[in-house]
There are 2 protein chains.
Amino acid sequence: MIEFSTHPDHYKHWQLSIDDRVATLALDVREDGGIEPGYDLKLNSYDLGVDIELYDAVQRLRFEHPDVGAVIITSAKDRVFCAGANISMLAQSAHGAKVNFCKFTNETRNGIEDASAHSGQRYLCVINGTAAGGGYELALATDHIILVDDGASAVSLPEVPLLAVLPGTGGLTRVVDKRHVRRDRADFFCTTGEGMRGKRALEWDLVDELAPRSRLTEAAGTRAAALAAQTDRPTGAQGISLTPLQRDIGDGEIAYRHVTVTFDRAGRTATFRLRGPDGPPPQDAAAIHAEGDRFWPLAFARELDDAILHLRFNEPELGTWILTTSGDGDHVAAADSALLANGSDWLAREITLYFKRTLKRLDVSSRSLIALIEPGSCFTGSLLELALAADRSYMLDGAFEGSNVAPATVRPTAMNFGPLPMCNGLTRLESRFLNDSSKVAEIEAETGNDLDAKAAEELGLVTFIPDDIDWEDEVRIAIEARASFSPDALTAMEANLRFAGPETIESKIFARLTAWQNWVFQRPNAVGEGGALKLYGTGKQPDFDRKRV
Amino acid sequence: MIEFSTHPDHYKHWQLSIDDRVATLALDVREDGGIEPGYDLKLNSYDLGVDIELYDAVQRLRFEHPDVGAVIITSAKDRVFCAGANISMLAQSAHGAKVNFCKFTNETRNGIEDASAHSGQRYLCVINGTAAGGGYELALATDHIILVDDGASAVSLPEVPLLAVLPGTGGLTRVVDKRHVRRDRADFFCTTGEGMRGKRALEWDLVDELAPRSRLTEAAGTRAAALAAQTDRPTGAQGISLTPLQRDIGDGEIAYRHVTVTFDRAGRTATFRLRGPDGPPPQDAAAIHAEGDRFWPLAFARELDDAILHLRFNEPELGTWILTTSGDGDHVAAADSALLANGSDWLAREITLYFKRTLKRLDVSSRSLIALIEPGSCFTGSLLELALAADRSYMLDGAFEGSNVAPATVRPTAMNFGPLPMCNGLTRLESRFLNDSSKVAEIEAETGNDLDAKAAEELGLVTFIPDDIDWEDEVRIAIEARASFSPDALTAMEANLRFAGPETIESKIFARLTAWQNWVFQRPNAVGEGGALKLYGTGKQPDFDRKRV
């Protein structure tokens, strides 16, 4: 079972140090510390385990270190920055494991950019040796890349010439769409195994700054201080601790405080039972800080985040995720307004940003998402986003016969109209009504109102509103049908239907780049017995099928 | 060998008729008329042969029928519109054939939208029976969809539930991004094999209009007349004939009047020798009309178009296309200005639009493109676009030793700054300098000037400018290296690097949708021995690998 919780005290591969406003994350991969047996993590190459620690570090810097305004990513090894994703690991991984690994690493790199853009923690990368493949892709996720100018150290994306796969962790996209490297130069760069050094790397915009080895630390410090000086983060503030998540995992269920997921292995579904706050949430910043990681939106996001990752990696056959909620809508609305009213507080901002990223993780999960909105449910504000993230939603019109639980309602809050955009840059409501912003305005006019099934349907918030007589059959048939389809076709279909509208670097990474990489990961030229990925390091030359497709 | 030239007199599957301002293209597929043996084209299902005729018809309507302002696409069969791409054909096709087929059908549908948007020929679709899969996708490419409201005829995208593949000819993209069908409704629609009929199809924006069978012809005529009335095309104008292309095909070469392509099978390259006009092109509209399909830009575009398709389908192992030109830059510049000066003339406009589409076809060809700019070459204006479409360009700095041919130059014309956009909506120069429109302005300031290698490099127009001493080695090594890489990795890399910047429906179809479809086309759940595509029609149920990837 793959486990995502860790702590700096237990890191095998990263050294986290903090000096006033500047943090340093130094990569020092333990060769024998792979998350799976079968390969050595040479030359600071990484596997999922290395990246789980990086994800943890990025998260903790945001929450536990409010004073940090800049983060240096570098290597603790002499003259080696990072050789990228470990090739033996990739070669021995099943297709699904490769895809899952790349998606998670992409999400972490997008999270780094999110911190730079929104969180007042600017990332820079200090490349003190060669940065190859995923090593350079990690650098590309930062705001500023300093390369040691020693006549030897290069940045490179050697995947195409050496491995017959893509630089699939954002590399191709960020080279042309973020750094705006001219496409013909990008073509040359991405087909040149040895990469580029020094002055040419700078001239071609592959890096931002050069420094001789003797001045590298100084250059990094100067630049980090300059970036840190731009932060709007407070000085002298107290961070909050991200304490270990309490969870119980059984064969049929994973249970946290606010999130329980039950598994129906025969039906191939996982049912998320998502709970709102137990009581009225605190409203002022001091009280939010005092609650720390027990504050509902943060606690909830951490649990949901962990549950999504657990299911993605450990439960691949549970192809449909059914999203249900319970709780008091007033408490959720109060939590939403507490976050937004304290938007200038660093912690409240971080929590909203984390909620956003967790919903984005749901959006790009390759599982069918069906929301069930029943009496007793609590699809209010931030929790309403779950129904909007779903591929489809069913809302019971009225009450269940013989039940005294009141009919379900949904309630928009300000959280539905901006703070939680999808990776395409639009809110889920804007993505839902691409052709007609007046529909979003109609829903916004209902902010704070509990909308019954007919009103929700009228406003376009839900897909279907069966009544008590039809509910069970209609929902059962939908779920059973979903389970009967090809998982691959569903994944591909959902990846197309979920992200209409504009594209961003992030959405392009999950669409264009990832889809092509997944294709390549299926091709015999890469992964066949004679494919480049399989033969790498054996000294044998791959024997390619020369037909262009 | 697959052959793309045809003529309405030889159509097997379409009936083209014209009544004043309205043309009708009626699909009447001959069951035993498949382009390959092994399947029957039942229920107006189509294969590449059917689509080659459609492409021909759309082209001829633009050039041969200036008076046509609206085109009705419908079926000549009673109560059957089109069952989509033939499933047995897909099931028996190799991976590359599937991908090539889908790309070509996508290009034809994009061409229909181009005619509607830019050419004054508005397309509408009259669905007189069930339109399934590719049948509905063809309808989606038109401006207006009328569905017969007979209680039986439906529109549907049954690929996911029935075949474990995608509606990959634009369907998923157009449903959410063109028609703005709400994503949850799109999800339901695309997982419902039987599709949707009548009122619900209209309410969900899947069609634009309903008509009872008794009034279908009348409704179509009314709508077509209204669309035709909006055209800016002339009345009473004379079309030009698209006469059969003259070409010679040998084992090592394909030769047209202005285009010759020579094959190096050992080196896996095809060298395009592209020639400018033989003499000064006509400048006024009447003279252009008099030249008809001999007018250089049109003749050239037709030949290049045919050559691209020939190589794509018939020469898959020639993985690198080397683009060279020759001719008199003044003549090309004169042809460019003739087209632009006569932009209000329907024919000049059509020729420019066709040149644009041909270059787009080059952009999305899965071949590495290397432009060689040597003494005697003619990379002026519209031909300069070929160098800008290339993944990389080499321009000789100076003359070859012992040669009296003057050093090469490149020359921008107005054609490089707007009329020939890529599928992302930007010109190739805008895509090249995404970060810096001032660089495009610098080049625009050189309009009409012959730029030598150093100037071209300085302006960012070319990748490398080796001199006579380095030229041969540098070019040879680049081409040999390209030929040594995995064809798949190159295809995927190029698809990412070529299309930086904004996305459009068209670019999303070739990126997100196509890449995912290609992935699905590799997955055992679709194409394995027990996959849905293989088992369709056998009565056996596919046995899916249930793991989500």
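Reader: How do strands β12 and β13 of chain B pair, parallel or antiparallel?
Author: Antiparallel, over three bridges, in this predicted model. Strand β12 covers residues 253-255 and strand β13 covers residues 259-264.

Reader: Which residue in β13 does B:Ala255 stand opposite?
Author: B:Ala255 faces B:Thr260 there.

Reader: What holds strands of a sheet together in general?
Author: Backbone hydrogen bonds pair them, either parallel or antiparallel.

Reader: And which strands make up the sheet with β12 and β13 in chain B?
Author: There are seven strands, in the order β11-β12-β13-β14-β15-β16-β18. The sheet is open, and its pairing is mixed.

Reader: Which strands stand at the edges?
Author: β11 (248-249) and β18 (392-395) of chain B do. Each has a single partner strand, so one side of each has no neighbour in the sheet.

Reader: New topic. How many residues of chain B are in contact with chain A?
Author: 85 residues of chain B, with 85 residues of chain A. The area buried between the two chains is about 8400 Å². Carbon and sulfur atoms give 57% of that area.

Reader: Which three residues of chain B supply more of its buried area than any other three?
Author: B:Arg183, B:Arg512 and B:Arg548. They supply 13% of what chain B buries against chain A.

Reader: How many salt bridges are there across the interface?
Author: The rule finds 16 between chain B and chain A. One of them joins the side chains of B:Arg432 and A:Asp184, at 2.8 Å from N to O.

Reader: How many residue pairs are in polar contact?
Author: 57 across the interface of chain B and chain A. On the side of chain B that touches chain A, the residues divide into 41 nonpolar, 20 polar and 24 charged.

Key: Residues are numbered from 1 along each chain as its sequence is written. Chains are lettered from A and ligands numbered from 1 in the order in which they are written. This is a predicted model: local features need pLDDT of at least 70, side-chain atom pairs count only at pLDDT 80 or more; totals for chains, interfaces and linings use all residues. Side-chain values use heavy atoms; hydrogens and water are left out. Contact means heavy atoms within 4.5 Å. Buried area is the accessible area (1.4 Å probe) that two parts lose on being put together, summed over both. A salt bridge is a side-chain nitrogen of Lys or Arg within 4 Å of a carboxyl oxygen of Asp or Glu. A polar contact is a pair of N or O atoms within 3.5 Å; within protein, one must be able to donate a hydrogen and the other to accept it, and residues adjacent in sequence count only if both atoms are side-chain atoms. Ala, Val, Leu, Ile, Met, Phe, Trp, Tyr, Cys and Pro count as nonpolar, Asp, Glu, Lys and Arg as charged, and the others, Gly among them, as polar. Two strands pair if DSSP finds at least two bridges between them. Helices (H or I, at least four residues) and strands (E, at least two) are DSSP runs, numbered from the N terminus.
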